[in-house]
Amino acid sequence: MDTYMAADLPFHGSPVVPEMFDGNKVIRFQCREGIACWNACCSNIDISLTPYDILRLKQRLNLSSAEFLQQYTVPYEMEQGGLAGVKMRPVENGTACRFMTPEGCSMYTDRPTACRYYPLALLSMRRQDEYTDIRSYALVKESHCLGHQENKESSIDEYRREQGVEEYDDLARGWHQLILKKKSSGPSVGKPTKSSLQLFFMVCYDLDRFRSFVVSDGFNELYDLDTKDTIEILGDDAKLMLFGFRFLKQVLFGENTITMKKDAATERMVRYQEKIQRLEQEAVSKRLAEQDEMYEDTED
Ligand code: SF4
Ligand code: SF4
């Protein structure tokens with residue numbers, strides 16, 4: 001199952017019902033112990049993880065973020081040449097989730113967002129170059145899932161509350177916004193460099209490594225963080241993660257979300273302006289070259 005964050009509309013043959021709903025839509029669905037299809041959904045997984053999913057699972061398993069990533073996940077590209085995502089790694093030589101047991105999910109209270117959303121798909125759309133997204137939902141009907149034949153009815157908003165999705169959504173919002181902004185941004189942001197892609201991966205998924213980065217001399221030479229705020233951020237995984245999203249807005253999109261030391265800020269602004277100028281010049285040269293080619297073709 002992978003029903004979460006379906007940013008594009010469903011394609012032909014997909015189990016996603018091609019109709020978009022808001023939170024008031026009433027659905028008929030119940031998953032309960034004893035149902036004939038028990039665990040069918042967890043036997044064949046394709047689950048993308050949010051940074052908050054990783055945070056919860058690594059805490060539950062008492063692992064560092066690096067250990068969790070290595071043992072339980074595989075990285076993937078969310079779009080060609082773009083930002084990286086992380087998926088759950090199924091059992092060795094199989095498709096089942098590592099947390100599946102005959103009694104159900106062994107991580108139930110810390111299960112990932114995708115598992116909580118099922119059988120809903122979240123459809124996110126964004127305006128060009130903005131962080132804001134418009135959300136709606138679709139229903140996923142897979143033939144193996146008998147939950148749709150149960151009699152329980154609830155609105156999508158009620159179902160989300162029941163599944164504890166709201167906290168997960170709130171804490172993943174900054175991450176979604178970064179992805180949407182990256183996907184919809186124009187040439188002024190340009191193609192991300194290898195180092196900015198690595199930085200995105202570390203901040204979003206390898207939180208304990210990001211913590212070491214925040215206490216490093218290099219970071220402190222650049223950023224002007226209040227001591228009290230720093231202590232709070234370093235002592236709380238969720239606060240560190242949210243700080244990381246703010247940090248990425250600054251690094252990836254040139255926003256002033258974290259105060260920089262004066263000299264570092266001036267230098268950075270000059271570098272950013274130079275980058276914008278270079279990208280604009282490249283875009284103009286490309287357009288001129290295309291025009292030249294077009295005229296040459298016409299003359300032939
Ligand atoms: S985390 Fe739990 S609910 Fe999600 S696929 Fe694994 S076993 Fe199933
Ligand atoms: S009803 Fe659906 S979600 Fe529940 S166990 Fe069966 S297949 Fe999984």
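Analyst: Helix H7, residues 207–214, packs against helix H10, residues 237–253, at an angle of about 70°, and their axes are 10 Å apart. The two helices are therefore roughly perpendicular to each other, since an angle of 65 to 115 degrees counts as such. On the H7 side, the residues that meet H10 are Leu207, Phe210 and Arg211. Their counterparts in H10 are Asp237, Leu240, Met241 and Gly244. By class, this contact holds four nonpolar, one polar and two charged residues. Please keep in mind that the model is predicted.

Stepping back for a moment, the protein has eleven helices and nine strands. Of its 300 residues, 26% count as buried. Among contacts with a separation of 6 or more, 73% come from residues 24 or more positions apart.

Eight of its ten residues are buried, so H1 is largely enclosed by the rest of the structure. The buried residues are Pro51, Tyr52, Asp53, Ile54, Leu55, Arg56, Leu57 and Lys58. Just after H1, Asn62 takes a positive phi of about 55°.

Next comes helix H2, residues 65–72, where you will find Tyr72. Tyr72 is buried because 21 other C-beta atoms lie within 10 Å, and the cut-off for that class is 20 or more. Leaving out residues up to four places away in sequence, Tyr72 touches Met88, Arg89 and Arg98. For Tyr72 and Arg89, which are 17 residues apart along the chain, the C-alpha atoms are separated by 5.2 Å.

Now to some strands. Strand E3, residues 73–77, runs antiparallel to E4, and five bridges join them. Within this pairing, Tyr76 has Gly85 in E4 as its bridge partner. Strand E4, residues 84–88, also pairs with strand E2, residues 48–49, in the antiparallel sense over two bridges. Here Ser48 stands opposite Lys87.

The ligands come next. Around ligand 1 you will find Cys42, Ile45, Ile47, Cys97, Phe99, Met100, Cys105, Met107, Arg111, Pro112 and Cys115. That shell divides into ten nonpolar residues, no polar ones and one charged. Ligand 2 is surrounded by Cys31, Ile35, Cys37, Trp38, Asn39, Ala40, Cys41, Tyr118, His144, Cys145, Leu146 and Gly147. In the shell of ligand 2, nine residues are nonpolar, three are polar and none is charged.

The C-alpha atoms of Glu150 and Ile35 are 9.5 Å apart in space, while the two residues are 115 apart in sequence. Glu150 sits in the loop between strand E8 (133–139) and strand E9 (153–155). With 13 C-beta neighbours inside 10 Å, Glu150 counts as partly exposed. Setting aside neighbours within four places in sequence, Glu150 is in contact with Phe29 and Gln30.

Notes. Residues numbered from 1 in each chain as written. Chains lettered and ligands numbered in written order. Predicted model: local features only at pLDDT ≥ 70, side-chain atom pairs only at ≥ 80, totals over all residues. Helix = DSSP H or I, 4+ residues; strand = E, 2+ residues; numbered from the N terminus. Buried ≥ 20, exposed ≤ 12 C-beta atoms within 10 Å, placed from the backbone. Contact = placed C-beta atoms within 7 Å. Near = placed C-beta within 6 Å. Nonpolar A, V, L, I, M, F, W, Y, C, P; charged D, E, K, R; others polar. Axes fitted to C-alpha atoms, helices over the stretch in contact; angles between N-to-C directions. Parallel < 35°, antiparallel > 145°, perpendicular 65-115°, else oblique. Pairing = 2+ DSSP bridges.
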